Amino acid sequence: MSEHRLEGLRILVVEDEYLIADDMRNALLDAGAEVLGPVPNVAAAASLAAAEPRLDAAVLDINLGGAMVFELADTLKARAVPFVFATGYDDSAIPDRFAKVPRLEKPVKARSVLAALEPLLAQDIA
Amino acid sequence: MVESALNGKENHIMPRHSAAMLEGDHSRLLDENEQLRTALESSLEENTRIVEDRDRLLRRITVLAREIQMMDAARTTPVTPPLRVHSSSDPEAILRQSQTEEELRVAFEELQVLAEELEVANGNLERANEELEARVLSRTRELATVNADLRRTELRLNTLIEGMPQLVWRAVDHGDWTWCGSQWTEFTGQSEEDSRHMGWLAAIHPDDRQAAIDAWGRAEADDGLSFEARIRQRAEGGYRHFQTRATPVRTPEGAIVEWLGTSTDIDAIIQLQEQQSVLVSELQHRTRNLMAVVQAVTRQTIRSSSSLEDFRRSIDARMGALARVQGLLSRRGAHKVTFDSLLREELSAHADVDDGGSGPQVSLIGPAGVPLESSLVQTFALALHELATNAVKYGALSTSGGHLTVQWDVLAPDEGKKRLHVDWRETGVADMPAHDAAPRGGGYGRELIERALPYQLGATTTYAFAGDGVHCTIDVDVPRDTARRGTYDVRTPT
């Protein structure tokens with residue numbers, strides 16, 4: 001298995017818990033990605049995303065200190081940026097319009113983030 | 001009378017079983033009346049027969065008496081009593097007269113018998129009449145008692161119906177309402193008249209109307225009606241969830257006469273169910289997040305450990321700190337965890353301190369009850385844990401001459417905004433590392449303070465090696481709208 005499967009990709013990480021965010025950042029760095037963030041809230045994520053012309057993918061926690069991430073997800077969708085949800089909630093918390101978005105249950109394994117992102121990125125390129 | 005008593009109460013709920021009881025009484029009374037009528041009729045017939053017989057005999061006697069009179073006159077003898085004419089010289093006339101006299105005597109005897117029979121028959125008739133009167137009187141009394149009972153039953157039922165917390169109504173086929181109780185009119189503000197037929201549908205939430213109509217479509221086949229729908233509330237303008245049920249009232253032959261229905265307010269239950277599902281979902285979220293935190297801490301500990309034994313000690317201590325803060329979070333329930341309780345809990349796990357958190361080498365100075373944002377508590381606890389661990393291993397609590405002072409207060413730099421300022425100062429440590437030296441203990445405590453706390457909640461922190469010990473400051477927002485608001489304004493040194 002390649003250790004650098006996300007080589008050169010710019011990936012936004014949105015996660016409000018520092019320890020989890022840092023863990024995710026390390027896993028993505030280990031896979032060769034360039035990490036944008038991590039950022040702990042919707043406002044910071046929105047302004048970071050707006051300032052970055054090139055975004056290849058995103059990993060989004062659903063509940064950010066009580067605020068839901070879905071508005072940001074809509075923005076990314078409009079920009080055709082593929083993303084995955086990392087969540088502690090069951091599926092009922094996610095609106096139907098994101099039914100096709102891959103969701104990773106916490107605790108998230110670094111390998112499963114890569115596995116979920118890869119097909120999305122392949123699609124994007126094709 | 002029984003019929004009219006029922007008919008007169010059309011607009012009230014009349015229990016069918018009590019009406020059936022009355023019908024039973026009614027037919028018993030009819031039977032008794034029939035028996036009395038038959039007895040009276042046969043007595044009258046008997047009287048008529050006797051009277052006819054008597055009249056017949058009287059006519060016969062009159063005829064016989066006339067014959068005797070004529071025979072007497074023919075013999076031109078002075079009128080004598082008929083039985084004294086045996087001295088007549090005409091034997092044939094004498095014979096004829098004596099025969100007539102005999103007939104007359106027999107007729108008189110028959111008349112006598114008839115008179116006696118008539119007297120007996122009249123006596124019977126009189127008794128039958130008296131009995132009839134007595135029975136009519138007694139039945140009238142019974143009927144009065146039954147009517148009074150009925151009125152009391154009806155009053156009880158009406159009281160019961162009016163006092164029921166449910167909305168009560170009656171309907172015929174397919175939800176065609178015929179009546180509703182005052183609960184419905186009071187709750188919905190719809191008049192009784194407006195609720196009739198399908199009028200009640202107007203009080204049902206538009207999204208629930210089809211479900212209500214569908215439920216009525218199934219009701220007869222199911223032998224009962226049951227559906228949930230929101231009903232408009234006049235007082236507060238909103239809708240509340242109701243469970244509606246109805247049971248058919250059937251004739252003995254099984255035909256449906258009408259439906260008796262109730263609608264029960266289940267809004268509180270629905271809300272509790274929703275709250276419960278939110279809580280379960282929240283619990284899921286927290287548990288999974290905690291697992292992710294455990295995983296992150298474990299990975300970090302692996303990276304910073306020099307040996308398995310080193311890892312075992314660190315991970316044990318860090319899991320212990322996480323466990324303590326979970327306990328604190330769950331004990332607090334809806335209230336916020338306070339800074340002083342978090343600090344005391346952490347220090348007492350490491351140092352020689354009393355219940356208040358102070359000890360020979362530890363001084364805590366600050367107000368009790370300053371609340372912390374819940375999402376900050378876990379990271380804050382881990383940071384305090386690392387500070388305390390380092391103090392015990394390398395800092396103020398590792399040497400007899402050292403001292404730890406934690407001082408905190410609530411500041412209000414801006415209008416309406418409060419910040420908790422914490423000052424952690426260690427003194428009396430002789431062997432301090434150089435400023436640019438690699439941090440001892442892997443620097444996890446420093447990372448948590450310098451990066452984790454600012455990341456999550458905009459805390460401002462400093463961490464420095466002063467001349468004789470670590471000096472660290474933490475400034476963090478005090479959450480608004482808290483149940484403990486105000487209690488931390490009072491400074492209570494501990």
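Chain B has 11 helices and 10 strands, where helices (H or I, at least four residues) and strands (E, at least two) are DSSP runs numbered from the N terminus. This is a predicted model, in which local features need pLDDT of at least 70 and side-chain atom pairs count only at pLDDT 80 or more, while totals for chains, interfaces and linings use all residues. Residues are numbered from 1 along each chain as its sequence is written, chains are lettered from A and ligands numbered from 1 in the order in which they are written, and side-chain values use heavy atoms, with hydrogens and water left out.

Of the 494 residues of chain B, 39% count as buried; buried means under 20% relative accessible area, exposed over 50%, and partly exposed in between, with a 1.4 Å probe and protein chains only. Within chain B, 61% of the contacts with a separation of 6 or more are between residues 24 or more positions apart, a contact being heavy atoms within 4.5 Å.

I turn now to the interface. On the side of chain B, 24 residues are in contact with 23 residues of chain A. The two chains, B and A, bury about 2,100 Å² between them, and 50% of that lies on carbon and sulfur atoms; buried area is the accessible area (1.4 Å probe) that two parts lose on being put together, summed over both. Which residues of chain B lose the most area to chain A? They are B:His285, B:Arg288 and B:Tyr455, together 33% of what that side buries.

Between chain B and chain A the count is two salt bridges, each defined as a side-chain nitrogen of Lys or Arg within 4 Å of a carboxyl oxygen of Asp or Glu. B:Arg288 takes part in a salt bridge with A:Glu105, at 3.1 Å from N to O. Seven residue pairs are in polar contact between chain B and chain A, both residues at pLDDT 80 or more. A polar contact is a pair of N or O atoms within 3.5 Å; within protein, one must be able to donate a hydrogen and the other to accept it, and residues adjacent in sequence count only if both atoms are side-chain atoms.

Helices H7 (267–304), H10 (374–393) and H11 (444–457) of chain B each give two or more residues to the side that touches chain A. The largest share of that side, 14 residues, comes from H7(B).

A:Glu17 is found in the loop between strand S1 (10–14) and helix H1 (18–30) of chain A. Is A:Glu17 buried or exposed? A:Glu17 counts as buried because its relative accessibility is 8%. Leaving aside neighbours within four places in sequence, A:Glu17 is in contact with B:Val293, B:Gln378, B:Thr379, B:Tyr455 and B:Gln456. Its side chain makes a polar contact with the side chain of B:Thr379, at 3.2 Å.

Finally, the salt bridges. Over all chains, the structure holds 36 of them. A:Arg10 forms one with A:Glu52, the closest N and O atoms being 2.0 Å apart. This pair links distant parts of the chain, 42 residues apart: A:Arg10 is in strand S1 of chain A, and A:Glu52 is in the loop between helix H2 (42–51) and strand S3 (57–61) of chain A. A:Arg10 is buried at 13% relative accessible area, and A:Glu52 is buried at 17%. In chain B, B:Glu46, B:Arg49, B:Asp53, B:Arg56 and B:Glu117 are linked in a network of salt bridges.
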